[in-house]
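Have the sequence and the 3D view open side by side, and let's walk through this one together.

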Amino acid sequence: VGKEEGDYKVYEQGNVINNDFMRGEYYLTKNKFDKLKRFEINSGDLLLTCAGTLGRIAIVPKTFEEGIINSVLMRIRINEKRISHKYLIYLLQSDKIQNNISERSTGVALNNLFSTKELKALKIPLPPLEVQEKIVEEVESYQNILEGSRKVVKSYKPSFKIDPIWEIVELGDVCGKLFAGGDAPKNKSKEKTDQFNIPIYSNGL
């Protein structure tokens, strides 16, 4: 139902893909929510897409509307005494794990993630928590450098001021020759041969 008829949000793939927990189209009544309460999400849960766009991950923020996940999401509730949220997110986002997810997916028109049982059995490196935090710091430091570089490249626009004392001339005055090419001759070859050994340069069209 719509928000006007229900108080409990149904979280979908778009929430995870866009990391946007504000959006929501479908809601549940209190009675329906109580029946599906085992799919309820809590702050700090990791949500994983498991159909269509596979393996995208987002963490449920501290502030969110109470609700449940739909059938194309998986919920991961971690043991914080053993693994940190961010370390597990970066681990699941790694090429190795993402490739593993893709290889284990089934379906033709719509890919489906491997079962929850297989996800639980996935082998991951588990260093001590202090080492996990150092790894997270290193990854985030690297990401900050990349983001800073993107902003510099995006905002950089080389320019120079024109001094009013400079001479203004026509382009033809400083070019020895300036002309357009003609049509390619009909008698030509796509391959270089003894007869046709002089290249014809074009715009590639």
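Strand β3 (residues 46-49 in this numbering) and strand β6 (residues 73-76) pair in the antiparallel sense over four bridges. Two strands pair here if DSSP finds at least two bridges between them. One spot to look for is T49, which stands opposite L73 in β6. Turn to β4 (residues 57-59), and you'll find three bridges joining it to β3, again antiparallel. There, L46 has I59 as its bridge partner.

Before going on, a word on ground rules. This is a predicted model, so to speak of local features takes a pLDDT of at least 70, and side-chain atom pairs count only at pLDDT 80 or more, while totals for chains, interfaces and linings use all residues. Residues are numbered from 1 along each chain as its sequence is written, and side-chain values use heavy atoms, with hydrogens and water left out. As for the element names, helices (H or I, at least four residues) and strands (E, at least two) are DSSP runs, numbered from the N terminus.

Now look at the side chains of β3. In a regular strand the side chains alternate between the two faces of the sheet. L46 and L48 point one way from β3, L47 and T49 point the other way, and all are buried. Buried means under 20% relative accessible area, exposed means over 50%, and partly exposed is in between (1.4 Å probe, protein chains only).

How much of α3 is covered? Six of its eight residues are buried, so by the cut-off of under 20% the helix is mostly covered. The buried ones are H85, Y87, L88, I89, L91 and L92. Take H85 in α3: at 18% relative accessibility, it counts as buried. Leaving aside its neighbours within four places in sequence, H85 is in contact (heavy atoms within 4.5 Å) with G44, L46, I59, I78 and E80.

With 5% relative accessibility, L92 counts as buried. Setting aside neighbours within four places in sequence, L92 is in contact with I57, I76, I97 and Q98. L92 and R56 are 36 residues apart in sequence, yet 8.7 Å apart in space, C-alpha to C-alpha.

There is another open sheet of three strands, in the order β2-β1-β5, this time with mixed pairing. Its edge strands are β2 (27-28) and β5 (67-69), each pairing on one side only. β1 (residues 8-11) and β2 pair in the antiparallel sense over two bridges, and the bridge partner of Y8 in β2 is L28.

In the loop between α1 (13-17) and β2 sits N19. What is its phi? N19 has a positive phi of about 50° although it is not a glycine. Most residues other than glycine have a negative phi. At 51% relative accessibility, N19 counts as exposed.

Further along, in the segment after α6 (129-155), comes V169. At 42% relative accessibility, V169 counts as partly exposed. Together with L171 and V174, V169 makes a nonpolar surface patch of about 290 Å². Patches are made of residues with over 30% relative accessible area and no salt bridge, with like charges joined within 9 Å and nonpolar side chains (Val, Leu, Ile, Met, Phe, Trp, Tyr) within 5 Å. A salt bridge is a side-chain nitrogen of Lys or Arg within 4 Å of a carboxyl oxygen of Asp or Glu.

Finally, step back to the whole chain. The protein has six helices and six strands, following the pattern β-α-β-α-β-β-β-β-α-α-α-α along the sequence. Buried residues make up 26% of its 205 residues.

How values were computed. Accessible areas come from the Shrake-Rupley method with a 1.4 Å probe; for residues, only the protein chains shown count as cover.
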